[in-house]
Amino acid sequence: MINQLQEKYQLSLLLLLSSVAVLGIFPFVVIRYLGGNFTAAIIDMTLMLGIITLVVYAHYFKKIRIVSAIIAVFMNVGVTAISIVNGLDSFLWVYPVFASTFILVKPIEALCINSMAAILLVTLSDISNTVSLGSYVVTILMSSMSAFVYASHSVKQFQLLETLNTVDALTGALNRRAMSSDMQAALANSERNGIEQLLVILDLDYFKRVNDKFGHAVGDLVLKEFVTIITSRIRKYDRLYRFGGEEFVLLIPEIGEQRHVFIDNLRRAIKKELKTPDGEEITVSFGVASWRPGTTEATWLQRADEALYRAKEKGRDCAVFSNE
C-alpha cells in the first residue's frame with residue numbers, strides 16, 4: 001500500500017510544526033535586525049525562508065519523508081549556528097528544536113542528528129563558559145531520551161492503527177480499503193509508465209458446502225490456510241486482499257509473459273494443499289484482467305469478475321483471462 005494515511009498524518013505534522021517555527025522565529029528576525037545584530041537576523045531569516053520553501057515543496061510534490069529529514073537537519077544546523085553567533089541568548093532554542101526533530105524523522109535518526117548538534121555546540125560555541133557542561137549534558141540527554149521513548153511509542157501506535165485500518169482481521173489479508181487505495185496507485189502508475197499489471201479475482205469453489213458440512217469455524221480456518229498458501233507463493237510486491245466472503249483479489253504488477261504459468265502454479269498449489277478436515281480437495285476459480293489504457297477501478301474489477309464468471313461456467317478449478 002502507498003500509505004496515504006501516513007502521508008497525510010506526516011504532512012499535517014510538518015505543516016503544524018513549521019508554522020509554529022516560522023511564527024516563533026519571525027519576531028526575532030525583526031528584533032535582531034532593529035538591534036543591529038545583522039548576522040543573527042540573517043541566520044533566522046534563512047531558517048524561516050528555508051522552512052517555508054521546503055514545506056511548500058513537500059505539499060506539492062509529496063516528498064514528505066525527504067523534506068522532513070532535510071528540515072530536521074536544517075533546523076539543527078540553524079540552532080547550532082545561531083547559538084554560536086548569539087551565545088546564551090539563543091541557547092534555549094536548542095531544547096524545542098531537539099524535541100521537534102523527533103516529530104520530523106524516525107526516533108533513531110533524530111537521536112543521531114541531535115547528538116551531532118549537541119557535540120558541535122560544545123566544541124564550537126562558548127556555552128560551557130556560561131552553562132555547566134555537566135548540566136548541559138544531563139539536560140540534553142534526558143530531554144532527548146524522553147522524546148525518543150515517546151516518539152518510539154507513537155510509531156508503534158501508528159503502525160497498529162495502520163494495521164487495523166488496512167488488514168482483514170480474520171484472514172490477515174489486506175482489506176477492501178487497502179485494495180481501493182492500491183488499485184488507484186497502480187492505475188496511475190500504469191497510465192504514466194505503461195506498466196502491465198494483472199487484477200485477479202479468486203473464488204473458493206463450493207465453499208458453502210464446507211461451511212454447511214463442517215461449520216463456520218472450520219470455514220474460517222480454511223480461509224486462513226488459503227491466505228497462507230497464496231502469500232507464501234506470491235512475490236513480495238504482489239498484494240492479496242479479501243474482497244468479501246470467500247472471494248479474494250490479487251494485484252500483480254509487471255508479470256510479463258509468465259502470467260499464465262504464475263496463475264496456474266497458484267491454482268495447482270491451492271488444489272494440492274488446501275483440504276477439508278476429511279481430506280477433500282478445495283479448488284479455486286480465477287478471473288484475470290490485464291490493465292489496458294483507460295481502465296478505471298470499476299471497469300478493472302468488472303472485467304475480472306466477468307472472467308471469473310466464465311471460469312465458473314467452464315467447470316471451476318481453472319483460470320480465465322478477460323482479454324483471451
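Helix axes here are lines fitted to C-alpha atoms over the stretch in contact, with angles taken between N-to-C directions. In this predicted model, helix α5 (residues 94–104) packs against helix α7 (residues 133–166) at an angle of about 25°, and their axes sit 9 Å apart. Angles under 35 degrees count as roughly parallel, so α5 and α7 are roughly parallel to each other. The crossing of the two helices is right-handed.

As for who touches whom, α5 brings Val94, Tyr95, Phe98 and Phe102 to the contact, and these meet Thr139, Ile140, Ser143, Ser144, Ala147, Phe148 and Ala151 in α7. Sorted by class, the contact of α5 with α7 has eight nonpolar residues, three polar ones and no charged ones.

Two of those α5 residues turn up again in the largest nonpolar core, which has 39 residues: Val94 and Phe98 are listed with Leu14, Ile51, Ile71 and Leu104 as the members touching the most others. At least two residues of this core come from each of α1 (4–34), α2 (38–61), α3 (64–86), α5, α6 (107–124) and α7. The largest share belongs to α2, with eight residues.

Leaving aside residues up to four places away in sequence, Leu104 touches Leu14, Leu17, Ser68, Ile71, Ala72 and Met75.

Notes:
Residues are numbered from 1 along each chain as its sequence is written. This is a predicted model: local features need pLDDT of at least 70, side-chain atom pairs count only at pLDDT 80 or more; totals for chains, interfaces and linings use all residues. Side-chain values use heavy atoms; hydrogens and water are left out. Axes are lines fitted to C-alpha atoms, for helices over the stretch in contact, and angles run from 0 to 180 degrees between N-to-C directions. Helices (H or I, at least four residues) and strands (E, at least two) are DSSP runs, numbered from the N terminus. Angles under 35 degrees count as roughly parallel, over 145 as roughly antiparallel, 65 to 115 as roughly perpendicular and the rest as oblique. A crossing is left-handed if the near helix is turned anticlockwise from the far one by less than a right angle, and right-handed if clockwise. Contact means heavy atoms within 4.5 Å. Ala, Val, Leu, Ile, Met, Phe, Trp, Tyr, Cys and Pro count as nonpolar, Asp, Glu, Lys and Arg as charged, and the others, Gly among them, as polar. A nonpolar core is a set of buried Ala, Val, Leu, Ile, Met, Phe, Trp, Tyr and Cys residues joined through side-chain atoms within 4.5 Å. Buried means under 20% relative accessible area, exposed over 50%, partly exposed in between (1.4 Å probe, protein chains only).
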